[in-house]
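Trainee: Could you help me learn how to read aromatic pairs in a model that is new to me?

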Amino acid sequence: MKAHHYELLINWTGNTGSGTRTLRSYSRNHDVAAAGLGAIAASSDPAFRGDPSRWNPEQLFLASIAQCHMLWYLGMAAEAGIVVTAYEDRPAGCMIEETNGAGQFESVTLRPLVTITPDSDVALAKGLHDRVGEYCFIARSIKTPIHHEVTIQVEQL
């Protein structure tokens, strides 16, 4: 087995002068960075006093699931002889907040729109999406159900 390690820097930038004196006295703004990469401007969801112009953890969670799925799919497609010429996804997630403030994602739905060449197998191209979850590191690491609404279109030459 190989171990892969990841390190980030999360830097809270939201001290507006009085720190966390009260729940309303500070901003939820922060930066997410990694060595050699630009920072991602982040905050909490606006429903939790966050800045709507910044990424929030829930969006980043959804993005990581969709990105991992796409990257594994593209590799599996290449190995299966499916030539993908375009890939777009509009993932959606539903998070349930409990009365005590805790919560969790109830579901994630990926909606890949995949364009393939005319000589590619449409049924196989669609079916590969069902196998991605067996390999995707993110999908295998979470308990949230991930659904797929896949559209395969054949490139018009």
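This is a predicted model: local features need pLDDT of at least 70, side-chain atom pairs count only at pLDDT 80 or more; totals for chains, interfaces and linings use all residues.

Trainee: How is a pair of aromatic rings described?

Mentor: A pair of aromatic rings is described by the distance of the centres and the angle of the planes. Here the ring centres of F61 and F105 lie 4.7 Å apart while their planes meet at 40°, so this pair is tilted. The pair links distant parts of the chain, since F61 belongs to helix α1 and F105 to strand β6, 44 residues apart. F61, at 23% relative accessibility, counts as partly exposed.

Trainee: Where do Y73 and Y87 lie in the chain?

Mentor: The rings of Y73 and Y87 have centres 5.9 Å apart and planes at 45°, so this pair is tilted. Y73 sits in helix α1 and Y87 in strand β4 (residues 84–88), and the pair links distant parts of the chain, 14 residues apart. Y73 is buried with a relative accessible area of 0%, and Y87 is buried with 17%.

Trainee: Which strands does helix α1 lie across?

Mentor: Helix α1, which spans residues 57–80, lies across β5, β6 and β8, and runs at about 35° to β6. Those strands form an open sheet in the order β5-β6-β8, with mixed pairing, and its edge strands are β5 (92–97) and β8 (146–148). Strand β6 (residues 103–110) runs parallel to β8 and is joined to β8 by three bridges, with V108 standing opposite I146 in β8.

Trainee: How many aromatic pairs does the structure hold?

Mentor: The structure holds five aromatic pairs, and W72, Y135 and F137 form one aromatic cluster.

Conventions:
Residues are numbered from 1 along each chain as its sequence is written. Side-chain values use heavy atoms; hydrogens and water are left out. Two strands pair if DSSP finds at least two bridges between them. Helices (H or I, at least four residues) and strands (E, at least two) are DSSP runs, numbered from the N terminus. Contact means heavy atoms within 4.5 Å. Axes are lines fitted to C-alpha atoms, for helices over the stretch in contact, and angles run from 0 to 180 degrees between N-to-C directions. Rings of Phe, Tyr and Trp (its six-membered ring) pair if their centres lie within 6.5 Å; planes under 30 degrees apart count as stacked, over 60 as edge-to-face and the rest as tilted. Buried means under 20% relative accessible area, exposed over 50%, partly exposed in between (1.4 Å probe, protein chains only).
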